[in-house]
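User: Please take a close look at one helix of this model and explain how its surroundings relate to it.

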Amino acid sequence: MKLILRTTVQQSYLQVWKGFDETLFRRLSPPFPPVRVVRFDGCLKGNMVELELNFFLFKQLWTSKITEQQGNAEEFFFIDEGVKLPFFLSYWRHRHRIIKDGEHTIIVDEIDFRTPFILTNYLFYPLLYGQFLYRKPIYRKVFS
């Protein structure tokens with residue numbers, strides 16, 4: 001399954017790239033499930049991010065590795081891929097794109113995911129879409 005969300009913000013793409021740090025990462029976490037950041041190395045190739053998702057009755061660890069990161073005069077991007085995923089996901093690849101758009105920037109979240117069963121892919125799609133839709137006003141506020 002693939003999700004793509006685009007958000008236009010008012011800052012330059014260089015400022016937005018510099019703003020992709022642990023503080024932003026924490027702000028982007030939706031209210032449910034509560035997330036504890038165990039490890040956040042950054043957004044460069046080889047960096048690791050480890051989260052603990054708290055579903056109240058149980059907790060799940062989510063570990064991702066930044067497998068690719070590049071930048072040029074038009075765009076910066078980095079890709080995080082799931083190394084250890086919660087039981088409800090079997091595959092995760094998230095490409096974060098920061099694209100120059102004149103004086104503004106377009107932030108693109110491109111997510112490829114799979115669950116253990118085809119049916120649950122379709123059930124999870126609107127849930128994940130909502131989780132990433134939650135980011136749009138935060139991106140706009142932080143990068144205004």
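Analyst: What covers the buried residues of H4 includes strand E1 (2–9), helix H2 (22–28), strand E6 (91–101), strand E7 (104–114) and H3. Helices (H or I, at least four residues) and strands (E, at least two) are DSSP runs, numbered from the N terminus. This is a predicted model, in which local features need pLDDT of at least 70 and side-chain atom pairs count only at pLDDT 80 or more, while totals for chains, interfaces and linings use all residues. Residues are numbered from 1 along each chain as its sequence is written, and side-chain values use heavy atoms, with hydrogens and water left out.

The buried residues of H4 are Arg 135, Lys 136, Ile 138 and Tyr 139; buried means under 20% relative accessible area, exposed over 50%, and partly exposed in between (1.4 Å probe, protein chains only). These residues cover an arc of only 165° around the axis, which puts them on the same side of H4; the arc is that of the directions from the helix axis to the C-beta atoms. Pro 137 and Lys 141, on the other side of H4, are exposed.

Helix H3 (residues 118–133) and helix H4 (residues 135–142) pack at an angle of about 15°, their axes lying 5 Å apart. Axes are lines fitted to C-alpha atoms, for helices over the stretch in contact, and angles run from 0 to 180 degrees between N-to-C directions. Gln 131, Phe 132 and Leu 133 of H3 meet Arg 135, Lys 136 and Pro 137 of H4 in this contact, where contact means heavy atoms within 4.5 Å.
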